[in-house]
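The sequence and structure are shown first.

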Amino acid sequence: MTNSHGLLLRLLDGGKLPSLTSLAPLHALLTTSSLIHHPILLGKLLLAACDRSLPYAERLFLSSPRPPDAFMYNTLMRAFSESHSPERSFLYFNHLLRQGPTFPVDSFSLAFAAKAAANLRCLWSGFQVHCQAVTRGLYAHLFVGTTLVSMYGECREVGLAWKVFDEMPIRNAVSWNAIINGCFRCGHIELALGLFRDMPSKDSTSYNVLLAGYMKEGDLEQAKVVFHEMPSKDDVSWSTMITGFTQNGCFGEALGFFRDMLLAGARLTEESLTGILSACADVGNFELGRVLHGLLEKRGLTRITSVNNALLDTYSKCGDMGMAQLVFKRMYEMRNLVSWSTMIAGLSMQGHCEEAIKHFEEMQKSGIYPDGITFISVLYACSHSGFVKDGNRYFSEMMDKHGIEPAIEHYGCMVDLYSRAGELNKAYDFISRMPIPPTSVIWRTLLGACSFHGDVKLAEKVKERLSEIDPENSGDHVLLSNTYAVAEKWKDVAAVRRSMVDQKIKKIPGWSMIEVDKTMYHFVAGENLNEIAEEAYEKLSEITSRLRIEAGYVPEVDKTVLHDIEEEEKEDSVMRHSEKLAVAFGIARLHRGSNVRVVKNLRICRDCHTFMKMVSRVYAMEVVVRDRSRFHTFRQGSCSCRDYW
DNA sequence: GTAGGGTTAG
C-alpha cells in the first residue's frame, strides 16, 4: 500500500473526525485523486459517513464510482438497522439478494438484516432473514443465531426464539443473555430465572438483563437485591435502576439512585439522564429539571435526540412552554416523531390548541408521519378547544389515511370531544357503537360530562354501566352525586352519600404540591393543622380579603358540597381547597417576581379557577396549575384554557 | 476494512 493510502486510511479509521464538514474534503480528495476506486478506502469512507450523516452515506452508496461490494452493503445495512428507519435496511438487503447467487450474502448481512427486523418488531421480515440464513447455510453461525434469538424475543415469539437457541451448536454468554431477555420480555419469568441460574458463565450484561426483568415485572425489591449483590455494576446497571423506578412511578427512589450513581463516579449517560428527566416530567419537578438541563449543557449532551426529547417533556409538563419551544427550536434536524409529539402534547395541555394542530401539520410537511400516540394529542387538542368537526376529521384520517387502528385512548378522546361540547347523546351512541368493549375510563368521561351539564337521566344510565365494571370507584359515586346536586335533587345526593358510607367508599382526598426553595410542600384539604398549613391559611385569608375588595370576589359555593350545611360553612369548605392553600403559601414564601407553580392530583374546581384568575391580576403574577388533566396558566386575569376544561 | 446480548424520550 502506498503512503497516501496509509495516511488516508489512518484519517478515516481515526474516528475522530468531528463532523461531516471534515469528511467532505476527504471525499473530494479521494475523488480528484482517483483513490475513490480503491475498495477499502471507499468502504472506510462509507463507514465514516454512516456515523455522521446517513443521507450523505446513502448518496455516496448510490453514486458509488464502483459497484458496491458486500462490505458496502453491510455497512449501509448496519447503519439503517439502528436508525429511525430500519426498513431501509431491507431495501438494500433485497438489492443484495438480487445481485445473484454468486454475490456473497454473509453472516454480517444476515445479522444486520435480523437486527433491522428486531428493531422494526416485524416478524415477517424476521422470517425472511431466518429463511435466507437456512438457505445460505449460515443458520448455525454464532452471531446470526444470537441475533435471530434476539429478533424473535423482540417480536414476542419466545417459542421461535427458543427453537433457534436450542438448535445452536455453539453458544456463549451473549446468546444466553439473548434468550433470557426474550423470556423476560414475553412474560416467562420462571423460565428466565431458571435459565439465568443454569447458564454456564454470567457477565455483567446477564445481571443487567435480570435487573431489567425484575423492573418490568414491577418487583422493585428483588431488583434492588440483585443490584446490591451483583459482582460489578456498569453504566447500564445504573440506568436500568433509574428508569425502572421512574417507570414504576417511584420518583424518590429514582432520584436516590441517580445521586448514588454520581457519587459512585459512574458515567452520566444519555440513558440515565433521559430516565431521570422523565421522572421530573412525571412529578413536575421544575427546579431539578433546570439543574439537569444545566448539567447536560455542561457535559455536551445537547446533541442527543432522546435527551432533548425528555427535556422538552420536562419543561412542557412543568408548564414552561417558552423553554420547551426554545429547546425544540434548537433541535433543528434532530427532531424525530417523539420530539414533535411531545410538543403537540405540551401545547395541547397548555390550551394552545391551534398551535398544537399547526405543529401537527408542519410535522407532516417535514416528512415525519404521525403514529397512534401523536393522534392522542391531536384529538386531545380538538376536544379541549371544542373543535368537534376537526376532531372527527382527524379521527377518520387516522384510520383511512394513516392506517392506524384506533386504540381505547382514541375512543376516549372522541367521547371527551362530544362530551365537552355538550353532545352527550352523541357520546353515548359513539360508545355503544365502539368495536372494542368500553372501559371504565370511557364511561367515566361521559359521567363527568353528565355531572357538568346536570343530565340526571343519562348519568344514571352511565353509572349503571360503571357499577358493572368498576363498582368500588369512589369518584363515580361523587360524580353521580354531583349530577344530582347540579340538578338540585338533594334527596338523591343524600342517598348516594349514604350508600357510600354504607359501602365504606371513601372520597380520594385532593392534594396540591408547590416547590419553595427546593422543598416540595404538600397540602391536603381539611388535614390537621401544622405550622406550614397555618401559615398558608393565614395568607389565604389575607389574599381573599384583598380579592373581595379589589376584584369583587365572592366564593362560588360549590354545588357538590353537601346541601345540609350552612351557606357560610359551604364557603368555608371551598376556601380550604388544597390548590388555594398551595398558592397562598407560594405567595407568602416565594420571592417577588417569581411565578407560582402548583401540581394537583384532581381536577381544579370552578371556584378555584376564578380565584386564580383574580390572583394573577391583583398580584400581577403568573400562576400555573397542573391538574389531573391539563395546565392552567393564569395571567392578567385570564386562563390559558379559556374557561373550557 | 463490518458484527451478536442489556439501559433511554412522546
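The sections below treat a sheet, a helix pair and a proline in a loop.

## Basis of the report

The structure is a predicted model. The features described here are therefore computed from predicted coordinates.

## The sheet

The strands β2-β1-β3-β4-β5-β6, in that order, make up an open sheet of six strands with mixed pairing. Its edges are formed by β2 (519-524) and β6 (638-639), each of which pairs on one side only.

Strand β1 spans residues 511-516 and is mostly covered, with five of its six residues buried. On one side, β1 runs antiparallel to β2, and six bridges join the two strands; within this pairing, W511 stands opposite V524 of β2. The hairpin of β1 and β2 has two residues between the strands, and D517 adopts a positive phi near 50 degrees there. Strand β1 also pairs with β3 (residues 596-600), again in the antiparallel sense, over three bridges. In that pairing I514 is placed opposite V598 of β3.

Further along the order, β4 (residues 623-626) and β5 (residues 631-635) run antiparallel and are joined by four bridges. R626 has F631 in β5 as its bridge partner.

## The pair of helices α18 and α19

Helix α18 covers residues 286-298 and helix α19 covers residues 305-317; they pack at an angle of about 155 degrees, and their axes lie 10 Å apart. Because an angle over 145 degrees counts as roughly antiparallel, α18 is roughly antiparallel to α19. The crossing of the two helices is left-handed.

On the α18 side, the contact is made by F286, G289, R290, H293 and L296, and on the α19 side by V307, L311, T314 and Y315. By class, the residues of this contact comprise five nonpolar, three polar and one charged.

P86 is located in the loop that lies between α5 (70-81) and α6 (87-98). Is P86 buried or exposed? Its relative accessibility is 6%, so P86 counts as buried, the cut-off for that class being under 20%.

Leaving aside residues up to four places away in sequence, P86 touches F80, S81, A116, N119 and L120. P86 and W443, by contrast, are separated by 357 residues in sequence and by 40 Å in space, C-alpha to C-alpha.

Methods. Residues numbered from 1 in each chain as written. Chains lettered and ligands numbered in written order. Predicted model: local features only at pLDDT ≥ 70, side-chain atom pairs only at ≥ 80, totals over all residues. Heavy atoms only, no water. Axes fitted to C-alpha atoms, helices over the stretch in contact; angles between N-to-C directions. Parallel < 35°, antiparallel > 145°, perpendicular 65-115°, else oblique. Left-handed = near helix turned anticlockwise from the far one by under 90°. Contact = heavy atoms within 4.5 Å. Nonpolar A, V, L, I, M, F, W, Y, C, P; charged D, E, K, R; others polar. Buried < 20%, exposed > 50% of the residue type's maximum accessible area, 1.4 Å probe, protein only. Pairing = 2+ DSSP bridges.
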